[in-house]
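Welcome! Please take a look at the sequence and the 3D structure below, and then we can walk through them together.

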Amino acid sequence: MKIGEREVTPKEMGVVVIVGLVVVALLWYMLGNKPKPIIGVPGQGLVLMQGGQPGVGPGQFAYPRGIAVDGNGDIYVADSRNSRIQKFRGSNWQYLGEFGGLYDAAKAAGGDPKKLTTLALGKLNEPNGVAVGPNNNIYVIDTWNFRVQVFGPKGGFKSAFTADDGFFGPREITVDPSGSCYVADTGKHRIVKFDPTGKKILAWGSKGDKEGQFNEPIGLALDQAGNLYVADRLNFRIQVFTPEGQFIRQWKVEGWSPEQIDMEPHLALDQAHGLIYASDGRGKKVDCYKLDGTLVSTLETNTTGAPLFGVPIGVAVDKEGNLYVVDAAAARILKIKGQF
């Protein structure tokens, strides 16, 4: 065979063919055996880290509920039935300490809300919501002591406050950059807003299903504009309000249950990606929405198809957009890749 001006012998042609086949075979092998990244798809959760187990020791939980992540990536978990807050490093789940301890201040106060700001300060009775405020201060909903307590990032007590007419079974709190905070006063079917000193400045809501009314509100979250998102549990919807409590919009949530047990939907907002997560304890899932209420995905299984959660309750998002979920039934915390 002649190629250009050069005569190619059959032996040379055979070598070329063999080399070509070897190259093709090597390429085929490399492409076929190249490590494939594990990528989460809508409806599946890529678990980046998890930790926790039932118990009373460090890193153990008894029906944990709320969760928050501070600017350093450290995690705070409301270890509800152990009546304490535990702190962990978000990168490796290292236990960093705890604060709280059981005390029934509500019983000791005898129904006087003012006494709740002076009794057994730093002690807790089934804390639920936890949020990070300015200077990485930690705001805790001390549910059955009917108050909010504020702690430093190392757990030192700073202040306590409640509504002048008292809370009834409050569940969640969120704090804006100025230190003003909103409380879901679940048993009174309302939202209460406080200034940075803990003074009540606004309250709205009553029991009902009209715009601006609630039926056991629980989860709360704030967007960059300061608008408040409320998980209106027994109305099976999320409502959105201005910082002054004016209704903006709402959307229905499919699947929330009217049952009391395990049904405590919490919210977490991913500012950078414009997403909001809503937990569904009875449904064993976490829904992800755009801020207009468009459903993006529903997290129910991991990348192998196995169920992710037993009873998901608390949710939080870090600055990278990773999602943290409290699985109360399994007494563990999962860090999951965000749905963006």
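## Pockets in the model

Let's begin with what a pocket is. On a 1 Å grid over the protein atoms alone, a pocket is an open set of points where a 1.4 Å probe fits, with protein on both sides within 12 Å along at least five of seven lines; a residue belongs to the lining if it has an atom within 4 Å of a point. Grid points are joined across faces, edges and corners, and a volume is the space filled by probe spheres set on the points. With that in hand, the second largest pocket holds about 310 Å³ of space. It is lined by 22 residues, and those closest to its centre are R65, W144, R171, Q260 and E264. Sorted by class (Ala, Val, Leu, Ile, Met, Phe, Trp, Tyr, Cys and Pro are nonpolar; Asp, Glu, Lys and Arg are charged; the others, Gly among them, are polar), this lining has seven nonpolar, seven polar and eight charged residues.

The largest pocket contains about 1,000 Å³ of space. Its lining has 45 residues, with V69, V132, V175, L269 and V317 closest to the centre. Here the classes come to 23 nonpolar, twelve polar and ten charged residues. Which strands each supply at least two residues of this lining? They are β7 (67-69), β11, β15 (172-175), β19 (217-222), β23 (267-270) and β28 (312-317).

## The model and the whole chain

This is a predicted model, in which local features need pLDDT of at least 70 and side-chain atom pairs count only at pLDDT 80 or more, while totals for chains, interfaces and linings use all residues. Residues are numbered from 1 along each chain as its sequence is written, and side-chain values use heavy atoms, with hydrogens and water left out.

The protein chain has two helices and 30 strands; these are DSSP runs numbered from the N terminus, with helices (H or I) of at least four residues and strands (E) of at least two. Of its 340 residues, 54% count as buried, where buried means under 20% relative accessible area, exposed over 50%, and partly exposed in between (1.4 Å probe, protein chains only). Contact means heavy atoms within 4.5 Å. Among contacts between residues at least 6 apart in sequence, 45% join residues at least 24 apart.

## Aromatic rings

Rings of Phe, Tyr and Trp (its six-membered ring) pair if their centres lie within 6.5 Å; planes under 30 degrees apart count as stacked, over 60 as edge-to-face and the rest as tilted. By this rule there are 17 aromatic pairs. One of them is the tilted pair of F61 and W93, with 6.5 Å from centre to centre and 55° between the planes. This pair links distant parts of the chain: F61 is in strand β6 (residues 60-61), and W93 is 32 residues away in the loop between β9 (84-89) and β10 (95-100). Both residues of this pair, F61 and W93, are buried.

Elsewhere, ring pairs join Y182, W204, F214, F241 and F247 into a cluster.

Y63 lies in the loop between β6 and β7. Its phi is positive, about 50°, although Y63 is not a glycine. Is Y63 buried or exposed? With a relative accessible area of 14%, Y63 is buried. The charged end of R81 sits over the ring of Y63, 4.3 Å from the ring centre; such a charge is NZ of Lys or CZ of Arg within 6 Å of the ring centre and within 35 degrees of the ring normal.

E126 is found in the loop between α2 (105-109) and β11 (130-132), and its relative accessible area of 25% makes E126 partly exposed. Leaving aside neighbours within four places in sequence, E126 is in contact with R65, S80, R81, S83, T143 and W144.

## A look at L222

L222 lies in strand β19 and is buried, at 11% relative accessibility. Beyond its neighbours within four places in sequence, L222 has contacts that include T174, V175, Y182 and L269.
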